[in-house]
Amino acid sequence: WMAGGDAKVDLPFASVYAEAVFAFPSGGGGPEPRAAVGFDASLGDLVLAAEYFYDSRPAAGTATGAHNLYASLAYGLSDYAKLAASASVDLEAGTGSGGLVASLEVEQGTFLGLSATLSRTGSSTTAAAGLSLELRF
């Protein structure tokens, strides 16, 4: 079974939250805690968010460890142009990834996007870039 709780405080320009969950294995043993604490803020056209996540028993084969950080930022340059960035880091493994996306509405319902990502896993670093065209009807 599981037990948990959460709390959130809304301030005029930001929100702060915390949550915790304790899973109790059916086969016995101690609790397996998970917890997160973070914030999000909106300052005009700028939106920021960050979170720390702890998982005492991360699932095998997943990209995250016990201690993880995540952050994102989005900015509306105008009614037609947007810029966003995000990053995630596994603090134990020293791995992570980040990305940057720019979007421009070039005509009503037609969007042009540029993206770039950078990932580090172990001793390997990967970079990628992309261009997209989206049509909405």
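A salt bridge here is a side-chain nitrogen of Lys or Arg within 4 Å of a carboxyl oxygen of Asp or Glu. Before I use that, two notes on the source. This is a predicted model, in which local features need pLDDT of at least 70 and side-chain atom pairs count only at pLDDT 80 or more, while totals for chains, interfaces and linings use all residues. Residues are numbered from 1 along each chain as its sequence is written, and side-chain values use heavy atoms, with hydrogens and water left out.

How many salt bridges does the rule give? The count is three.

Start with glutamate 134 and arginine 136, whose side chains meet in a salt bridge at 2.8 Å, N to O. Glutamate 134 is partly exposed, at 37% relative accessibility. For these words, buried means under 20% relative accessible area, exposed means over 50%, and partly exposed is in between, with a 1.4 Å probe and protein chains only.

Next, lysine 8 pairs with aspartate 10 in a salt bridge, and their closest N and O atoms are 3.9 Å apart. Buried or exposed, then, for lysine 8? Lysine 8 is exposed, with a relative accessible area of 53%. Aspartate 10 is exposed too, at 56%.

That leaves aspartate 55 and arginine 34, which form a salt bridge at 3.2 Å, N to O. Aspartate 55 sits in strand S4, residues 46-55, and arginine 34 in strand S3, residues 32-43, so this pair ties together parts that are 21 residues apart in sequence. Strands are DSSP runs of E, at least two residues, numbered from the N terminus. Aspartate 55 is buried, with a relative accessible area of 9%, whereas arginine 34 is partly exposed at 28%.

Now the strand pairing. Two strands pair if DSSP finds at least two bridges between them.

Which residue has the positive phi in the hairpin of S8 and S9? Glycine 122 does, near 60°, and that hairpin has two residues between the strands.

Terms used:
Helix = DSSP H or I, 4+ residues; strand = E, 2+ residues; numbered from the N terminus.
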